[in-house]
Amino acid sequence: MLAVNASKFSNMSRGITKWYKGSTRFRRNCRTFHQWRESTKENRPSETALRVATRRAAHQVLDDPKVFDDPLALRILGVENASALPSDHGWLEETPLSRTLRASLAARSRYAEDELHFAVERGIRRYVVLGAGLDTFACRSPYPGEILRVFEVDHPDTQAWKRSLLEKASIPIPRTLTFSPVDFETETLEKGLLRAGFDTGRRAFFSWLGVTPYLTGPAITSTLRFVASMPAGSGIVFDYMISPSSLGPTARRAYDSLAHRVASAGEPFKTFFDPSSLPTLMRDLGFGRIEDIDPEELNARYFRGRIDKLRVGSLAHLMNAQV
Ligand SMILES: C[S@@+](CC[C@H](N)C(=O)[O-])C[C@H]1O[C@@H](n2cnc3c(N)ncnc32)[C@H](O)[C@@H]1O
């Protein structure tokens with residue numbers, strides 16, 4: 001239900017943004033991140049993982065109602081509560097691009113967890129979070145006991161950094177979570193998962209959010225081929241960027257700005273897909289049920305009737321495929 005009127009909402013947003021940008025522990029964690037990154041050329045945790053997590057945290061405090069409810073989104077960044085210090089540190093801006101990015105990140109996580117829920121209802125008991133970044137699902141899983149085992153796969157440097165943030169934030173690592181460090185460019189997902197004790201003979205649900213644009217084509221197809229080789233009923237949700245050449249002028253400007261930012265962070269976009277040909281590729285890789293979810297569908301599903309007009313942008317689609 002939308003209980004806040006537009007002007008009240010934007011005043012509230014401004015206040016919270018001011019608080020959020022200024023949180024001392026958040027600033028300290030950002031510093032730690034950059035010190036860690038600079039300390040050696042070899043250890044390079046993903047800066048885009050930090051940026052995405054920051055926007056997910058911002059969604060918790062700026063957007064009402066929330067599309068994606070993540071009670072650990074602030075804590076993992078070292079931000080405890082809204083009574084922290086206000087300041088003028090300019091970490092997050094409220095621009096049209098920033099709003100659509102925030103909406104897109106919230107929507108893709110919500111969609112993946114909605115689909116995970118259906119998978120669990122179908123009896124699936126393994127969830128593999130590929131390129132997990134600072135995703136917190138494993139630490140706030142709503143499934144009791146040992147019902148759902150979670151495997152987090154990520155680049156070793158990012159995973160080590162995430163584990164240090166969890167420790168600093170005193171977020172316990174549940175027994176149901178297994179970390180599996182893998183560089184998709186240099187090792188197969190199968191090898192990494194087997195090393196972590198993953199049973200490839202049992203159905204699993206995979207999510208792969210915000211990762212394919214940063215990988216080469218061969219790393220993406222190798223990973224998808226492995227998922228497609230899993231037992232029938234297994235599935236994956238991932239997002240992909242559509243080719244900038246097919247974007248209209250407004251979306252193209254948004255793309256250029258975003259592409260510039262991620263390239264400056266050392267993580268340039270590398271791979272795009274065409275929504276009209278990706279289903280054929282997915283079928284060729286061995287997937288059966290294939291669904292492409294475009295921004296209009298996401299907006300209709302999660303953002304209909306909002307007073308604040310929050311909506312996802314048109315740079316990416318979601319793919320939902322089952323073996
Ligand atoms: C934009 S972040 C998304 C993180 C997370 N999925 C989320 O939505 O918050 C990109 C993620 O892809 C991972 N990644 C990028 N290249 C990778 C590679 N070659 N191997 C493994 N992970 C990679 C990064 O470590 C990072 O966690």
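User: What is the mean pLDDT of the protein, and what share of its residues reach 70 or more?

Analyst: The structure is a predicted model. Its mean pLDDT is 87. The share of residues that reach 70 or more is 82%.

User: Over which residues does pLDDT stay under 50?

Analyst: One such stretch is residues 1–20, for which the model has 27 contacts beyond four places in sequence. Another has 20 contacts beyond four places in sequence, and this stretch is residues 82–91.

User: How are helices α3 and α4 oriented to each other, parallel or perpendicular?

Analyst: Two packed helices are described by the angle between their axes and the distance between the axes. Helix α3 covers residues 47–62 and helix α4 covers residues 96–121; their axes come within 9 Å and cross at roughly 90°. Angles of 65 to 115 degrees count as roughly perpendicular. The two helices, α3 and α4, are therefore roughly perpendicular.

User: Which residues make the contact of α3 with α4, and how many of them are charged?

Analyst: From α3 come Val52, Arg55, Arg56, Ala58 and His59, while α4 provides Leu101, Arg102, Leu105, Ala106 and Ser109. By class, these residues divide into five nonpolar and two polar, and the number charged is three.

User: Where is the cis peptide bond from Asp64 to Pro65 placed?

Analyst: The bond from Asp64 to Pro65 is cis, with omega near 5°. Pro65 itself lies in the loop between α3 and α4.

User: Which element gives the most to the shell around the ligand?

Analyst: The ligand is surrounded by 22 residues, the closest being Ser46, Gly131, Gly133, Thr158 and Gly210. These 22 residues divide into 11 nonpolar, seven polar and four charged. At least three residues of the shell come from each of domain 1 (6–96) and domain 2 (108–322). With four residues, the element that gives the most is α3.

User: What is phi of Ser170, and where is this residue found?

Analyst: Ser170 is a residue other than glycine with a positive phi, near 55°. Its place is the loop between α5 (156–168) and β3 (177–181).

Notes. Residues are numbered from 1 along each chain as its sequence is written. This is a predicted model: local features need pLDDT of at least 70, side-chain atom pairs count only at pLDDT 80 or more; totals for chains, interfaces and linings use all residues. Axes are lines fitted to C-alpha atoms, for helices over the stretch in contact, and angles run from 0 to 180 degrees between N-to-C directions. Angles under 35 degrees count as roughly parallel, over 145 as roughly antiparallel, 65 to 115 as roughly perpendicular and the rest as oblique. Two residues are in contact if their C-beta atoms, placed from the backbone, lie within 7 Å. Ala, Val, Leu, Ile, Met, Phe, Trp, Tyr, Cys and Pro count as nonpolar, Asp, Glu, Lys and Arg as charged, and the others, Gly among them, as polar. A residue is near a molecule or strand if its C-beta atom, placed from the backbone, lies within 6 Å of it. Domain bounds come from an automatic or database domain assignment. pLDDT is the predictor's confidence in each residue, from 0 to 100.
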